[in-house]
Amino acid sequence: MFKKQSVSAYSKKVRAREASAEKTVTQLIDGQREPNKKLNAILEINERALQRAKEVDEGRFDKGRLTGVPILVKDNFCVAGQSATAASRILENFKPPYTAHCIQRLEDEGAIIIGKTNMDEFAMGSSNENSFFGPCRNPWNLDYVPGGSSGGSAAAVAAGLAPISVGSDTGGSIRQPASFCGVVGIKPTYGAVSRYGMIAFASSLDQAGTFGRSVADAALALEVMIDHDTRDATNVRTPFATLSTNKSLPLKGVRVGVVKEYMAADLNKELREAIEGNIETLKQQGCEIVDVSLPHTDYAIPVYYLVAASEASSNLSRYDGVRYGLRDLSSPTDEPLQDLNDFYKRTRSHGFGDEVKRRILLGTFSLSAGYFDAFYAKACQVRRLISDDFKNAYEKCDFIVGPVSTAPAFKMGEKKDDPISMYYNDILTTPASLAGLPSMSLPLGLSSERLPLGLQVIAPPFHDDKMVMFANALEELIGFTEVCNV
Amino acid sequence: MAAKYNIQAIADLACLKIEDKDLGAFERHFEKILEYFATLEGVDTSGVDPMITPHGIQSPLRADQVKQELSVEKILENAPEVKDSLFKVPPVV
């Protein structure tokens, strides 16, 4: 029902009583059952969604920008009364008593949260294979990964299980799954969306964002989520109050940067051709194509993984089995508890998966006495150089366009036991994350194997509105209309 | 940056226990990751100000006001074990 209809058009109909939110929500909840058995994209359906849809139909939210719009939310956001597991055993039974600020904003505008989506445990992964609840699959081909960590949110929108979903992006966790699943995914400037109520992974990188079938859909939900909130100390007042969801930037004279290092990467042939074709089209439309260089790109992976793991090792120390979440004190040898540290260790070792443990270990190591300067501090210095690379590039161009990943989706299991190869996935998304820049992924076409190809747009900080307008223009030019059937 | 490390000692700092059967895999991965990360060594960072958070965001101060947010009962609903409005843990001494 949302394949050809924008969410704003649908919402208008609900407000005019020409469409029923209850009917829509019922259809979506009934309709997801069969496809979700194959995809494992949705972890939990919100039992209160129907009741809320009835309230919407009764006119309680007639002034909302998202009246009656069904939305799926990644399982690392708190929604009061619903589970928030971050796809980890350690939070399997956690039901937060409060709602994340950005999700509350969506609800205040009349949106209906219909469920929670699968993800890599604590958002650590690029394939959604690290979920305690089993992997999510790519709706274009079930043998392939949907990307990660917001794999469930991307796959659900691609499969039509909801028109919009919310995700989080720490090093590419919205953009990469959006590109693997052929949907639009937007990560705003760091600080634009409050992180209050979003389960922390790496606090200087984590940023909430949205998925949609179109730029306008994803941008409308994001616009609602962007709000100043004093409960997140890194949240900022953005210079824009709304996003131009339906305006296209006139392309004539726009300076489009093409990153030498991104195009020199070992890119898949079809993906390269699609990107180069798009750049050529932009040139024909009057854009000025500018070659730019981000010389520290090669260091983005070590820097990202050191910074993110260090922050994660600190953030995840809160899971101790005392106040909330899992408490599992069992031991294979039935030994009695030795001391308080043993108490913590047992629960944490039972509760976290291997990738989470690996990153906690890496972060603990890089923050430990004797290694701090060589690892964490050094990574923070190189992070500055990566950020400065972008500053220099934006003196010559207005936006950067390029690939999101080096290839389309890969097969399930292909990289699972090779962390370096999995980490390398993020080479083209982590630089913008480290610099805190707004960036997004747009579907560009399909490969010969019918797997989606994505285009990344990166804008200067707080140019989110301009980026959306540019993306609207790109979307018109690309004219991607393919849909997948699950 | 040929760092020497002991996985069990790091795990101890992180309050994690790595089972003996998993130790080999963790060590192998750790070694590969650190080897890759050693490329940072070659970057000249003399005089570079470390970047801790984007856009130079400074933590703002707010008025210290008492607010009623969540009730104790609500918070305790997620606790593994509770006694008399307190988190209960087994004796470990």
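So, a residue is buried if 20 or more other C-beta atoms lie within 10 Å of its own, exposed if 12 or fewer, and partly exposed in between, with the C-beta atoms placed from the backbone. On that count, 62% of the 486 residues of chain A come out as buried.

Quick housekeeping. What you have above is a predicted model, where local features need pLDDT of at least 70 and side-chain atom pairs count only at pLDDT 80 or more, while totals for chains, interfaces and linings use all residues. Residues are numbered from 1 along each chain as its sequence is written, and chains are lettered from A and ligands numbered from 1 in the order in which they are written.

Okay, chain A overall. There are 16 helices and 11 strands, taken as DSSP runs numbered from the N terminus (H or I, at least four residues, for helices; E, at least two, for strands). Its C-alpha atoms fill a box of roughly 70 × 55 × 45 Å along the principal axes.

Contacts next: two residues touch if their C-beta atoms, placed from the backbone, lie within 7 Å. Among contacts in chain A between residues at least 6 apart in sequence, 77% join residues at least 24 apart.

Now a helix pair. In chain A, the axes of α10 (residues 300-315) and α12 (residues 354-367) come within 7 Å and cross at roughly 95°. Axes here are lines fitted to C-alpha atoms, for helices over the stretch in contact, with angles from 0 to 180 degrees between N-to-C directions. α10(A) and α12(A) are therefore roughly perpendicular, the label for 65 to 115 degrees (under 35 is roughly parallel, over 145 roughly antiparallel, the rest oblique). Residues making the contact include Tyr305(A) and Leu306(A) of α10(A), and Arg359(A) and Ile360(A) of α12(A).

Let's zoom in on Lys95(A). It's in the loop between β2 (70-74) and α4 (101-108) of chain A.
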